[in-house]
Amino acid sequence: MSKRQLMIVAAGLLLAIVTACKTNHTSSSPAANSNSSFNQATPDQFAAVRTTYDKECKGCHGQKGEGGPVKLENGTRLKVPTFREGHALRHPDSDYLKQITKGGDGMPAFEKKLTPEQMNDLIKFIRREFQAGAAPAK
């Protein structure tokens with residue numbers, strides 16, 4: 001069951017990454033036009049990822065990556081793991097990428113829907129938005 005939960009978390013993360021990269025909406029906020037460093041992520045980059053997460057991932061993984069019980073359209077019930085603590089913090093990006101790409105444990109595969117770059121951007125978004133400052137569980 002621990003391995004299954006890990007796969008669900010990884011799949012959810014991959015789904016979020018895939019979803020975030022699927023849509024390229026830009027922001028017209030003043031921050032997008034500021035003189036920020038090129039080394040920092042631009043608001044436009046994260047706006048697109050956030051929009052994708054909201055559209056494709058939030059339904060299962062929650063607004064803040066908290067996971068929880070989910071009932072799919074076909075009636076299947078899943079217990080989606082959180083991105084914010086526990087096993088999700090210990091998984092390397094490669095595990096998340098594999099889960100997003102191949103799917104499994106209730107998560108669909110996104111290998112034909114998203115590019116590797118889009119998937120990686122979604123993983124970065126999840127790491128920054130839901131895991132920043134969190135300590136991995138032992």
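Mentor: Gladly! Let us begin with a term: buried means under 20% relative accessible area, exposed means over 50%, and partly exposed is in between, using a 1.4 Å probe and protein chains only. By that rule, buried residues make up 38% of the 138 residues in the protein. Please keep in mind that this is a predicted model, where local features need pLDDT of at least 70 and side-chain atom pairs count only at pLDDT 80 or more, while totals for chains, interfaces and linings use all residues. Residues are numbered from 1 along each chain as its sequence is written, and side-chain values use heavy atoms, with hydrogens and water left out.

Trainee: What makes up the fold, and how are helices and strands assigned?

Mentor: Helices (H or I, at least four residues) and strands (E, at least two) are DSSP runs, numbered from the N terminus. Here there are 5 helices and 2 strands, and along the sequence they follow the pattern α-α-β-β-α-α-α.

Trainee: What makes a group of residues a nonpolar core?

Mentor: The term covers buried Ala, Val, Leu, Ile, Met, Phe, Trp, Tyr and Cys residues joined through side-chain atoms within 4.5 Å. The largest such core has 17 residues, and those with the most contacts inside it include Tyr53, Phe83, Ile100 and Phe130. Two or more residues each come from α2 (43-61), α4 (93-102) and α5 (116-131). The largest share, 6 residues, is that of α5.

Trainee: Why is tyrosine 53 called buried?

Mentor: Its relative accessible area is 1%, and the cut-off is under 20%, so tyrosine 53 is buried. Phenylalanine 125, at 2%, is buried by the same rule, and phenylalanine 130, at 8%, is buried too.

Trainee: Why is the pair of tyrosine 53 and phenylalanine 125 called tilted?

Mentor: Rings of Phe, Tyr and Trp (its six-membered ring) pair if their centres lie within 6.5 Å; planes under 30 degrees apart count as stacked, over 60 as edge-to-face and the rest as tilted. These two centres are 5.8 Å apart and the planes are at 50°, so the pair is tilted. Tyrosine 53 is in helix α2 and phenylalanine 125 in helix α5, 72 residues apart.

Trainee: What makes tyrosine 53 and phenylalanine 130 an aromatic pair?

Mentor: They are 5.2 Å centre to centre, with 55° between the planes, and form a tilted pair. Tyrosine 53 lies in helix α2 and phenylalanine 130 in helix α5, so the pair ties together parts that are 77 residues apart in sequence. The whole structure has 5 aromatic pairs, and Tyr53, Phe83, Tyr96, Phe125 and Phe130 form one aromatic cluster.

Trainee: Which residues is phenylalanine 130 in contact with, leaving aside its neighbours within four places in sequence?

Mentor: Contact means heavy atoms within 4.5 Å. The partners of phenylalanine 130 are Tyr53, Gln63, Lys64, Gly65, Phe83, Arg84 and Phe125.

Trainee: What makes arginine 50 and glutamate 129 a salt bridge?

Mentor: A salt bridge needs a side-chain nitrogen of Lys or Arg within 4 Å of a carboxyl oxygen of Asp or Glu. For arginine 50 and glutamate 129 the closest N and O atoms are 3.3 Å apart, and the pair forms a salt bridge. Arginine 50 is in helix α2 and glutamate 129 in helix α5, 79 residues apart. The whole structure has 3 salt bridges. Another joins aspartate 93 and arginine 127, at 2.8 Å.
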